[in-house]
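Subject: The structure I promised you

Hello,

Here is the structure to open alongside this message. Please have a look at it, and then read on for what turned up.

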Amino acid sequence: MAPKGKEKPKPSSATQTLTVEDRFANLNRHIQRFEYAQAVKVSDEVLSMVPGDEDAIICKIVALIKADSIDKAFSTINEASRKFSIDFSFYKSYCFYRQNKLDEALELLKGLEGDSETMLLESQILYRMGKVDASLDIYQKLLKSKIDSLEINVVADLVSLGRSSEVQGMLESLKLKPTSSFELAYNVACALIERNKLTEAEQLLLSARRIGQENLMEEEFAEDDIEIELAPIAVQLAYVQQLMGHTQEAVQSYTDIIKKNLADEPSVAVAINNLIALKGPKDISDSLRKLDRLTEKGSGPHNFQLARGLDLKLSAKQRETIYANRLLLLLHSNKMDQARELVASLPDMFPDSVMPRLLQAAVLVRENKATKAEEILGQFADKFPDKSKIVLLARSQVAAAANHPQIAAESLTKIPDIQHMPATVATLVSLKERAGDIDGADSIFQSAIQWWSNAMTEDNKLAVIMQEAAAFKLKHGQKEEAARLYEELVKKSHNSIEALVGLIRTSALTDIEKAESYEKKLKPLPGLKTVDVDSLEKTSGAKHVESGTQVGTTMEPYEAKSKEKAKKKRKRKPRYPKGFDPANPGPPPDPERWLPKRERSSYRPKRKDKRAAQIRGSQGAVSKEANANAVNAKSSQASNSSKGGAQSSAAAEQSKPSSSKSSKKKSRR
């Protein structure tokens with residue numbers, strides 16, 4: 001007999017009597033408790049009772065978005081759009097924003113009314129697209145609306161635009177303190193870091209961490225959740241320690257954050273990147289392993305891409321920095337195939353950025369393809385003139401290292417704002433000289449002199465440029481031009497000693513009288529009043545003294561003395577050894593008699609007996625030949641044992657290496 005099936009429990013009377021208002025109250029309660037899955041179920045219950053209720057549909061879509069179920073939110077929006085005449089453009093745009101489809105998200109907002117919610121979403125989309133100026137304009141329009149926490153985003157935009165100095169004034173105009181919330185304190189600390197006020201930034205970050213802990217504990221967050229929420233502050237504190245030169249503390253802080261493996265993926269990614277930058281080329285394999293946690297093999301056109309979620313949460317600048325550090329590590333570890341593969345995909349990821357082109361040039365230079373690197377950098381500089389400064393500097397350096405001085409000089413001449421700086425002028429002149437273009441180098445000096453002559457600045461470099469130009473002309477045989485420059489420099493610098501000395505030295509080569517006239521303007525050197533120049537000219541010159549000069553001695557005037565006759569030395573008879581006859585000295589002594597015997601030419605070493613066994617090894621070792629003789633002796637003894645005792649005893653004696661006295665005594669007995 002088959003068992004009876006269980007009856008389905010009937011809904012209770014309380015469930016049957018729940019009204020739409022009661023379900024909306026339950027829906028609100030679930031949303032307040034962040035129970036988004038339950039909120040979706042209650043929304044479906046409401047829709048089953050009241051199909052087409054706009055509030056229930058919107059609550060379901062928002063709950064799905066909050067639960068990170070973006071695909072389900074999209075399907076709900078599409079299904080509701082077909083059934084009901086409700087405009088879901090705002091929510092659809094937000095879903096596109098969450099999927100990082102920014103162009104589609106921005107396009108959907110164009111047809112909507114410019115209310116505060118739409119403007120907020122538009123500003124966030126523009127910020128992620130890198131259009132921070134447009135985002136800030138929208139925020140400044142919304143400041144009058146008194147939206148909660150809007151100042152946090154305004155400070156973030158100002159820091160991103162490099163306008164950190166305006167943050168304090170903006171807060172004062174809104175009558176806000178940096179410590180009004182831990183998010184605002186964090187952003188203001190970032191502004192202080194940009195202004196290099198590291199001590200104040202560190203104190204504000206510590207305050208932000210304390211305020212955040214207090215607020216989140218009041219909201220009954222778990223300890224793990226509090227640590228995740230405050231992870232950006234911990235990473236920024238480690239960054240401040242790094243900037244302040246506290247390397248060990250920064251390394252320890254980064255390492256602790258990485259080991260905790262927090263759910264805040266962007267903070268962990270920034271900590272890994274900063275730790276790698278801090279370590280540099282040390283322990284490259286470990287750094288690559290850490291970066292592998294952030295990257296994954298891509299199936300699309302890009303072979304390498306950031307792990308899922310990071311690409312959406314990190315800014316474009318942060319993503320670019322991580323890719324750049326990975327490429328530099330690959331170059332340091334000499335993994336050229338992977339480096340080529342990665343650098344080929346970077347221009348598509350960041351089409352308007354300078355960094356991919358610089359990295360491409362670095363890879364090409366490593367492969368000894370400097371000409372190709374110069375070509376890539378030159379094309380980018382022509383395409384983006386507003387970003388060409390650093391690219392042209394890199395191109396000049398690559399060309400100079402590759403012995404292409406003309407290309408290096410051409411790149412530098414395309415940077416107008418540094419054209420007349422002394423360092424740039426010196427570099428250009430050196431490059432022109434290497435290229436053999438002396439006239440070009442001369443024209444660089446002329447244009448620099450003309451620019452500084454018209455410049456109205458306190459720190460004028462005209463004297464430096466003119467002095468170097470005069471030295472250049474003198475070096476290349478243009479003596480009259482060099483003297484003219486020095487003379488002009490003396491007039492402008494009010495008899496500068498350096499300029500006056502240069503003028504005298506140069507004029508001495510062309511016009512002695514002019515040199516002597518300017519020589520009179522030189523101040524006499526102290527301590528030389530007692531020197532008689534005429535008497536110094538009569539001397540034979542200074543003599544070398546081995547003991548060196550004595551400190552504190554003064555020169556005395558030379559006095560001519562009458563030469564005295566040198567005294568004759570008395571000749572002494574040589575003393576000979578006893579019994580030596582100088583008339584018959586005999587054979588001369590051996591000139592090598594004082595040398596050791598081994599170093600004398602007549603030395604002949606003793607011949608070694610090659611037949612003797614060379615015994616090597618520890619004490620008591622026996623050579624192979626001795627062992628062989630012993631074996632032969634034993635074999636001969638065995639074969640001759642029948643011939644008599646006398647022969648066998650003789651064979652036995654031959655097998656021994658030597659006979660001792662004790663053995664002889666025993667034989668006699």
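The term stands for a side-chain nitrogen of Lys or Arg within 4 Å of a carboxyl oxygen of Asp or Glu. Asp286 is buried, at 16% relative accessible area, while Lys279 is partly exposed at 23%. Here buried means under 20% relative accessible area, exposed over 50%, and partly exposed in between (1.4 Å probe, protein chains only).

Before going further, two notes. This is a predicted model, where local features need pLDDT of at least 70 and side-chain atom pairs count only at pLDDT 80 or more, whereas totals for chains, interfaces and linings use all residues. Residues are numbered from 1 along each chain as its sequence is written, and side-chain values use heavy atoms, leaving out hydrogens and water.

Back to the charges. The count of salt bridges comes to 22. Another of them links Asp292 with Arg326, the closest N and O atoms being 3.1 Å apart. Asp292 sits in helix α18 (residues 284-292) and Arg326 in helix α20 (residues 316-332), so this pair ties together parts that are 34 residues apart in sequence. Helices are DSSP runs (H or I, at least four residues), numbered from the N terminus. Asp292 is partly exposed at 41%, but Arg326 is buried at 5%.

Lys414 also forms a salt bridge, with Glu410, at 3.5 Å between the closest N and O atoms. Both are partly exposed: Lys414 at 40% and Glu410 at 36%. Elsewhere, shared partners join Lys279, Asp286, Arg289 and Lys290 into one network of salt bridges.

On the surface, Glu183, Glu223, Asp224, Asp225 and Glu229 gather in a patch of negative charge. Such a patch takes residues with over 30% relative accessible area and no salt bridge, joining like charges within 9 Å. Helix α14 (residues 223-229) gives the largest share, four residues. Glu223 lies in that helix and is exposed, at 71%.

Lastly, the aromatic pairs number eight. Rings of Phe, Tyr and Trp (its six-membered ring) pair if their centres lie within 6.5 Å, and planes over 60 degrees apart count as edge-to-face, under 30 as stacked and the rest as tilted. Trp451 is partly exposed at 41%, whereas Trp452 is buried at 5%.

Best wishes

Note on methods:
Patches are made of residues with over 30% relative accessible area and no salt bridge: like charges are joined within 9 Å, nonpolar side chains (Val, Leu, Ile, Met, Phe, Trp, Tyr) within 5 Å. Accessible areas come from the Shrake-Rupley method with a 1.4 Å probe; for residues, only the protein chains shown count as cover. Lys and Arg count as positive and Asp and Glu as negative; His and the chain ends are not counted. The place of a charge is taken as NZ of Lys, CZ of Arg, CG of Asp or CD of Glu. Helices (H or I, at least four residues) and strands (E, at least two) are DSSP runs, numbered from the N terminus.
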